[in-house]
Amino acid sequence: MTELDDPVPEPRATRRGARQRKLVESLGAIVLIFESVVTFLGALAIFGLKALPPEQALGGGAVLVLALFLTAGALRWRWGIVVGSVLQVAVLVTGLFVPAMWFVGGVFAILWSYAIYTGFKLDSQKKESAS
């Protein structure tokens, strides 16, 4: 019998099950990830229009995109939602460099507000019905 014939070991039974994500986490993460993609494209527009020096346009855009992406993973904690809300303001401020970003930032701020409000509302209804 060779090593290839050995049976695959069974997974350990002691491993805990995956944590059930709340709806507010899922909806918020969807908005933040999509917003990070659009913000990346906005940073490229700021760079292409020469509204800022390349280091500031691309560097600042990269920091904002990374912050949005990382915050999407931190939404399980209350501070993650606060940071996400602060980042909505940061995306709005990019409208100072490219006026179209006022519209983009506004749309994402509305989406973020709706996702957080609806997520909390549905999570509380789910918790009440489970009790």
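Helix α2 gives the most to the lining of the second largest pocket, with 5 residues. The model is predicted.

No charged residue takes part: the lining has 9 nonpolar and 6 polar residues.

The largest pocket holds about 350 Å³ of space. Its lining counts 17 residues. Nearest its centre are Lys22, Val24, Glu25, Phe120 and Asp123. Here α1, α3 and α4 each give at least two residues of the lining. Helix α4 gives the most, with 6 residues.

## The fold

What does the secondary structure of the chain come to? It comes to 4 helices and 0 strands. From the N terminus on, the order is α-α-α-α. The chain has 131 residues, and 31% of them count as buried. Take the contacts between residues at least 6 apart in sequence: 68% of them join residues at least 24 apart.

## Helix α2

Helix α2 covers residues 54-73. At 1.5 Å a residue, its 20 residues should span 28 Å, and the end C-alpha atoms are 29 Å apart, which agrees. Which residues of α2 are buried? They are Ala57, Gly61, Leu64, Val65, Leu68, Thr71 and Ala72. Seen down the axis of α2, these buried residues fall within an arc of 130°, so they line one face of the helix. The face turned away from the buried side carries the exposed residues Glu55, Val63, Leu70 and Gly73.

The buried residues of α2 pack against α1 (23-48) and α3 (78-93).

## Helix α3

Helix α3 has 16 residues, which should span 22 Å at 1.5 Å a residue. The end C-alpha atoms are 24 Å apart, and this agrees. Its buried residues are Gly80, Ile81, Gly84, Leu87, Gln88 and Val91. They cover an arc of only 115° around the axis, which puts them on the same side of α3. Arg78, Trp79 and Val86 are exposed on the other side.

Which helices do the buried residues of α3 pack against? They pack against α1, α2 and α4.

Ala90 also has its place in α3. Is Ala90 buried, exposed or partly exposed? Its relative accessibility is 28%, so Ala90 counts as partly exposed. Buried would need under 20%, exposed over 50%. Ala90 and Gly105 are 15 residues apart in sequence, yet 8.5 Å apart in space, C-alpha to C-alpha. Gly105 is one of the buried residues of α4.

## Helix α4

Helix α4 runs over residues 100-130. Its 31 residues should span 45 Å at 1.5 Å a residue; the end C-alpha atoms are 45 Å apart, which agrees. The buried residues of α4 are Met101, Gly105, Phe108, Ala109, Trp112, Ala115, Ile116, Thr118, Gly119 and Asp123. They pack against α1 and α3. Asp123 is buried in α4 and is also among the residues nearest the centre of the largest pocket.

## A loop residue: Lys50

Lys50 sits in the loop between α1 and α2. Its phi is positive, about 55°, although Lys50 is not a glycine. Is Lys50 buried or exposed? At 69% relative accessibility, Lys50 counts as exposed, since the cut-off for exposed is over 50%.

Definitions and conventions. Residues numbered from 1 in each chain as written. Predicted model: local features only at pLDDT ≥ 70, side-chain atom pairs only at ≥ 80, totals over all residues. Heavy atoms only, no water. Expected span 1.5 Å × (residues − 1). Buried < 20%, exposed > 50% of the residue type's maximum accessible area, 1.4 Å probe, protein only. Arc of directions from axis to C-beta. Contact = heavy atoms within 4.5 Å. 1 Å grid on protein atoms, 1.4 Å probe; cavity = no way out; pocket = protein on both sides within 12 Å on 5 of 7 lines; lining within 4 Å. Points joined across faces, edges and corners; volume = space filled by probe spheres on them. Nonpolar A, V, L, I, M, F, W, Y, C, P; charged D, E, K, R; others polar.
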